[in-house]
Structures are given as C-alpha cells and as structure tokens.
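Dear colleague,

Please find the structure below.

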Amino acid sequence: MTLRGKTILVTGAAGMLGRDLAPLLEDAGTRPLLTDNRTPGDAGPSISRLDITDQEAVKDIVQHERPDWIVNCAAYTNVDQAETDYQTAFQVNAFGPARLAAALRESGGKLLHISSDYVFGGGRQPDAASRNPWCEDSPLLPCGIYGHSKCFGDQLALGTLAPHAALIVRTSWLHGRYGPNFLDTMLRLAKEQKEIRVVDDQIGSPTWTRWLAETLIKLMQHDASGVYHAASRGDVSWFMYAGEIFRQAGLAAELKPWSSAELNRPAPRPPYSTLAVKKLERLLGTPCPDWKDDIRGHLEELGILKEKQ
Ligand SMILES: NC(=O)c1ccc[n+]([C@@H]2O[C@H](COP(=O)([O-])OP(=O)(O)OC[C@H]3O[C@@H](n4cnc5c(N)ncnc54)[C@H](OP(=O)(O)O)[C@@H]3O)[C@@H](O)[C@H]2O)c1
C-alpha cells in the first residue's frame, strides 16, 4: 500500500529515531507532521510543539489534522532517572500512547507505537538462562520502572484501538547518528581513556535507527498491525559490542569486562533481551541485518569507518 499523500504525525520527532525517520517520510511522498515536546527553537524549524502528556493538545491536533498514522517516537528514555521520576515516566511512556490511541479511535487513524526490549528480562525468566530470543507473544515481565512504563503503554494502546489500528514495534539497543547512544560514548571514551570497562553480563541486539526507520515505513506500507519485533540479528554483550565498534573504527582501546553488579546502576537491566525477529522477516520477505553490518553502516555514515569488508 502506498503512503503517498498520507498524513503521518510523528511525536518525539527531535529524538534519535524521529530524526532518522523524518526524511524517509518525505521520500515516501507522505505529508509528515513533525512534533516534539522540545521548544521549536531546540528541535529545528520543521518541528512543532506537542507534549503527549497534554490530553487537550493531543486531541486538538488529531481532530484538526486527522492523521492516517501517528508514529509515536516520543518517550521518556532515561532508564536510571525513571526509577525515581516514575510519575513522568508513566505519564509519557504509558499514558502518552493511550492518549494518542484514544484520539485516533475517534478520528479513525492508526497508531505505530515504538516499544522496547525492557518489557522482558525483569525478574527470573527461564528463557533468559536458556537464551531463547523473546518472541512477540512471550510472557511479559518488564525490567525496572522504564520497562513497566513501556509495557503498560503497549497494553493501553492495544486495548484502546481496534486490532487493525494498533501496531507495536519493539526494538532494542538503538544507535544512530542523532544519539546520544552507546556507540558515541565508546568513540568518545576511546579518545579520553586508556582503559575502558564495559559490562559483559547483559546480552542483547544493537540496532541502527536508520534501518529501523526504513523498517517502520515498510510496516506502514504493509498496513501491518499487532506486535512486531524489529532489531538486528545478534546476541552480544555490551563488551563484545564495544570491541566490534573499536575494531571497525580502527581504534586501539584497551577493553576490560565488567559485571552489572560492579557497575551498580540505579535501574536494573535485562540480563538477556534479544528479540526474535522471524515474524518481521516473514512479513517483509527479507532477513534483518546482522548487528555488525549495522555498526558498519553507522560508522560509514559518520565517515569514520576504517575496517573494510
Ligand atoms: N534508545 C534505545 O536504545 C531504545 C531501545 C529500545 C526502544 N527504544 C524506544 O525507541 C523509541 C525512540 O527512542 P529514541 O532513542 O529515539 O529516544 P530519544 O532520542 O530520547 O527521543 C525521544 C524524544 O521524545 C521526546 N519527548 C519526551 N517526552 C515527551 C513528551 N511528553 N511529549 C513529546 N515528546 C516527548 C524527547 O524530548 P526530550 O529529549 O526533550 O525529553 C525526545 O526528543 C522510544 O519509544 C524508546 O522507548 C529506544
């Protein structure tokens, strides 16, 4: 199904994923309406202000613009801060998508809501030990306040809209040119420190926002609904991920493995959060990229790729 001429409202358009998505929506011939809660000056001239915790503002823009889709990239993404600032985390991550869904139910549009691997991996889940990637219908056991808020958001969106009108896309470990993200941090630390310690006991799949943005467009073109996992193929620790970044960027940093207990962050992290992506691959008829190829694409985009295939 073509998206040409469709009105697509993007929330959180000034964020890492939103900024990669915006030009692709233009390329697909849509009428993108880019919004964020950052003030327009901060966010750039083409982004208008919309705070998804403001029910009236959400209702007004949906009634006025009648979008065919809302792509909700807005989120409270500070995982550690969410442990204490849980009211804001829930207002944005849980009730935000619910407000968008409620407004769309009246206007007849569809919601594409971005969710997270943190809906898995909280507590002691048997699959974490056996390392079976989480499927779309695996039992939910969210990790930390952030994970609970994202999980609740998914459920509220799905419960508010008719089944054909809600699309939840869970992804993981995002890196993109509009960071901040782990890849940027590693490149910076390689310049600042001789020895870099990175956690080796959390496993997941690094995913490039550029690929994810392209995938979101394809999902809308397929008029997809329900829950999909969209991530690169990979099953790596942050330590292995850092090693591959340094290798491809040609940086000689000394890496030391660390444990989550030693790092002692305020929020818990899923020990294993790799997402199964077969459902997406079946729908699109193409395999998801390998995580190393995604790093290559990102470093190439930054103009600092040293390792050639
Ligand atoms: N980053 C990851 O590793 C990762 C992994 C899995 C899933 N995800 C999910 O992927 C999506 C995109 O993540 P991202 O990394 O692009 O996040 P991001 O860079 O933090 O972007 C989120 C954007 O939403 C804005 N925002 C925050 N509160 C808002 C509100 N009340 N109303 C409107 N906009 C608001 C933020 O503005 P401020 O910065 O001014 O608050 C920011 O511009 C999110 O749903 C996230 O949960 C991310």
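**Notes on the model**

With 7 C-beta neighbours inside 10 Å, N264 counts as exposed (exposed means 12 or fewer other C-beta atoms within 10 Å of the residue's own, buried means 20 or more, partly exposed lies in between, and C-beta atoms are placed from the backbone). This is a predicted model, in which local features need pLDDT of at least 70 and side-chain atom pairs count only at pLDDT 80 or more, while totals for chains, interfaces and linings use all residues. Residues are numbered from 1 along each chain as its sequence is written.

N264 sits in the loop between α12 (260-263) and α13 (278-284); helices (H or I, at least four residues) and strands (E, at least two) are DSSP runs numbered from the N terminus. Its phi is positive, near 55 degrees, although N264 is not a glycine.

D223 is likewise a non-glycine residue with a positive phi, of about 55 degrees. The loop between α10 (209-221) and β11 (226-229) holds D223, which is exposed, with 12 other C-beta atoms within 10 Å.

A further loop, between β7 (174-175) and α9 (182-192), contains P180. The peptide bond joining G179 and P180 is cis, with omega about 10 degrees.

In helix α6, the buried residues include P97, L100 and L104. Among the elements that cover the buried residues of α6 are α3 (55-65) and β5 (110-116), where contact means C-beta atoms, placed from the backbone, within 7 Å. After α6 comes G108, with a positive phi near 95 degrees.

Yours sincerely

Key. Two residues are in contact if their C-beta atoms, placed from the backbone, lie within 7 Å.
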